[in-house]
Amino acid sequence: MQKKIVYVLGIIMLVFLLAACSEESNVDAENEDTESTEENTGENNESEETAEAEENRQIDELSIGFVPSREPEEIITATEPLKELLTEELANLGYDVGNVDITVGTNYEAVGEALSAGTTDIGLIPGGTYVLYDDGAEVILTATRAGLSNDSDDPADWNANEPTEDSDIQATSYRAILIAGPSEKGQELAEKVNNGEELTFEDVNSATWSVMSSSSPAGYIYPALWLQERFDKTITDLDNVVQVDSYGNAFARLAQEQTDIMVTYADGRRDNEDVWTSDLERSATIWEETDLIGVTPGIYNDTVSVSKNSDIMDEELKAALQEAFINIGESEAGKEVISIYNHEGYQVAEDADYDNERAAQEIVQQIGQ
């Protein structure tokens, strides 16, 4: 009997020992699983942090050059918010920029030369400056402005759809127009255009013209390009040309019938509509008394160009800059900044957009010879 009791007690103790060992084993396993999970979580967090750090490319400094179309201090002050706006946009597009440096060139050529040399990464420059330095600069965007209700190559279309008004469409270029005034010769030429007749060089050479200085795109260069494309002639080939110091002066001469034709930018008549009947004392409106006899090719707006020789510039960064500037132009804060250059937004551009500007520059060089 005593042996049986000892035997039973032994079995009970063995069961307890086995249960204790099993529980300890389970605890150890759970601890190992927990430690393993914590280690994996730590490794995953480190991987995520590493991936996030590697996701954005680091750029120590991004330099932007502006042309001195206004006082340099005014430009520097107005564009100060661009630094933060551009930094934020580029961060969202995969680039962490340490510093955005904005400078204003001593002249237009200085910014073009800096782009060519690679000492400036980005330049906001006119089309004329761009084509002079396109060996070292590449256009990525064209500035946009409010368009007009008329944009045809045919002046008769403009005459049939007067007055010219604002358009909701943003435009990447503007045109120069050749306006025939209320003089007998002006009306004679306008009538031929409205009847669908082609003007000859003898027609336009029989009129007296008002032009601006030879450096004015709308007031000289592009009208000269218009003459060259049609008659293989230029403004210097005309017999009767008066050079005036302002568009206001040109409209006054046209109203007083001292000249028959004047050249100006596309919405020049809109800007002088009230003056025509008040200060210039014409009895009928400017739309009734004037017509177009010519419309030039589009004069493309200012560019956002990048340096071909910048150490940081590549295709990915160009694409990011295009998107960043477009986004900035669509925001209220951005619109306020870019209004310093009368920009209202940006559209993707290509080099061929500025071929007319190249032709115009050839005329400028011919004038200077």
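**Questions about a predicted model**

Biologist: What distance separates the capping side-chain oxygen of Asp314 from the backbone nitrogen of Glu316?
Modeller: Asp314 caps the N-terminal end of H13; helices (H or I, at least four residues) and strands (E, at least two) are DSSP runs numbered from the N terminus. A polar contact is a pair of N or O atoms within 3.5 Å; within protein one must be able to donate a hydrogen and the other to accept it, and residues adjacent in sequence count only if both atoms are side-chain atoms. From the Asp314 oxygen to the Glu316 nitrogen is 3.3 Å.

Biologist: What pLDDT do local features need here?
Modeller: Residues are numbered from 1 along each chain as its sequence is written, and side-chain values use heavy atoms, with hydrogens and water left out. The model is predicted, side-chain atom pairs count only at pLDDT 80 or more, totals for chains, interfaces and linings use all residues, and local features need at least 70.

Biologist: How far apart are the end C-alpha atoms of H13?
Modeller: H13 covers residues 315–330, 16 residues in all.

Biologist: Is strand E10 largely enclosed or open, and how many of its five residues are buried?
Modeller: Buried means under 20% relative accessible area, exposed over 50%, partly exposed in between (1.4 Å probe, protein chains only). E10 (residues 261–265) is largely enclosed by the rest of the structure, because the number of its five residues that are buried is four.

Biologist: What is the strand order of the sheet holding E10?
Modeller: Two strands pair if DSSP finds at least two bridges between them. E7 (residues 176–180) runs antiparallel to E10 with five bridges, while E8 (residues 209–211) runs parallel to E10 with two. In these pairings Leu178 partners Val263, and Ser210 stands opposite Met262. The five-stranded open sheet has mixed pairing and the order E9-E8-E10-E7-E11.

Biologist: At about what angle does helix H6 run to E11?
Modeller: Axes are lines fitted to C-alpha atoms, for helices over the stretch in contact (heavy atoms within 4.5 Å). Angles run from 0 to 180 degrees between N-to-C directions. H6 (residues 184–194) lies across E7, E10 and E11, and its angle to E11 is about 65°.

Biologist: What is the relative accessible area of Gly123?
Modeller: Gly123 sits in strand E3 (residues 122–125). Beyond its neighbours within four places in sequence, Gly123 contacts Gly65, Val111, Leu115, Thr303, Val304 and Ser305. Gly123 is buried, at 0%.

Methods:
Expected span 1.5 Å × (residues − 1).
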